[in-house]
Amino acid sequence: MSAFNEELLKASKLFGGEDATKVIKALQKLVEAADDEIAKEADLSLNIVRKVLYKLYDHSLITCTRERNDQTGWYTFRWQIQRSQLDAFIRIKKRRILEKLRTRLKFEKEHSFFICKKCPDVRVTFEEAIETAFRCGKCGDQYVSSNNEYAVDKLSGTIEKLQKELNN
Ligand SMILES: [Zn+2]
C-alpha cells in the first residue's frame, strides 16, 4: 500500500470509522462510481454509503459529477476522491498533532516527575508531589522520582518523523 493510501485510510477513520474506510477503499478501486456501485464493492448498505459520502463531500475530500439519464430524466451522482484536498486535510491534521507533541515535549523537558509504584496510572510533577508531601494521592504510598528520558526520546522521535513527512 502506498504512503498516500495509508494516510487516506487513517483520515477516513475520522469520518465514520470502518464504514468510511470501506467506502474509500471501494472508491480507490473503482476510481469513479455511483453510490450503488460503491455499496456493492464495499459490501455496505446504500444508506450507510450515502451517509459516508456526504460527510466526505462536506469536507471536500471527494467530488461528484452529475449524470442525467436521458430515458428516465433522473440524475446519477458519480463520486471521486479529491486527492489534493485530502492531502491538504491530512497536512493540517498532522500539523496540529505536531504542535501538541511539541507542547508535550516542552512540558516533559521542563519538569521532573514522580510516580507511585503501586498505582501504574499515577504520574505527577515535582510541584504536584510537593502538594501532597510526596505521598500518592490515591493510595498514600511514597512517591519515587521517575526518569522521563524515555518519554522525551520517544516524543522527539515522533516529532522528527512527523516533521520530515510534512517537509516532503
Ligand atoms: Zn499510589
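A: Let's start with the pair itself: H2 and H3 pack at about 110°, and their axes are 9 Å apart. (Axes are lines fitted to C-alpha atoms, for helices over the stretch in contact, and angles run from 0 to 180 degrees between N-to-C directions.) Angles of 65 to 115 degrees count as roughly perpendicular, under 35 as roughly parallel, over 145 as roughly antiparallel and the rest as oblique, so H2 and H3 are roughly perpendicular to each other.

Before going on, a word on the model. It is a predicted one: local features need pLDDT of at least 70, side-chain atom pairs count only at pLDDT 80 or more, and totals for chains, interfaces and linings use all residues. Residues are numbered from 1 along each chain as its sequence is written.

Who touches whom? On the H2 side you have Lys22, Val23, Lys25, Ala26, Leu27, Lys29 and Leu30, and they meet Glu37, Ile38, Glu41 and Ala42 in H3. Contact here is C-beta atoms, placed from the backbone, within 7 Å. Helices (H or I, at least four residues) and strands (E, at least two) are DSSP runs, numbered from the N terminus.

Some of those names come back in the largest nonpolar core, which has 16 residues; Val23, Leu27, Ile38, Val49 and Leu53 have the most contacts inside it. Such a core is a set of buried Ala, Val, Leu, Ile, Met, Phe, Trp, Tyr and Cys residues joined through C-beta atoms within 7 Å. Buried takes 20 or more other C-beta atoms within 10 Å of a residue's own, exposed is 12 or fewer, and partly exposed is in between, with C-beta atoms placed from the backbone. Helices H2 (17–30), H3 (35–42) and H4 (46–58) each give two or more residues to this core, and H2 gives the most, with five.

Leaving aside neighbours within four places in sequence, Leu27 is in contact with Ala33, Ile38, Ile62, Trp79 and Ile81.

H3 lies across E1 and E3, running at about 100° to E1. E1 and E3 (residues 75–81) run antiparallel and are joined by three bridges, with Glu32 opposite Gln80 in E3. The whole sheet is open, with three strands in the order E1-E3-E2 and antiparallel pairing; pairing takes at least two DSSP bridges between two strands. At the edges are E1 (32–34) and E2 (62–68), each pairing on one side only.

Conventions: Contact = placed C-beta atoms within 7 Å.
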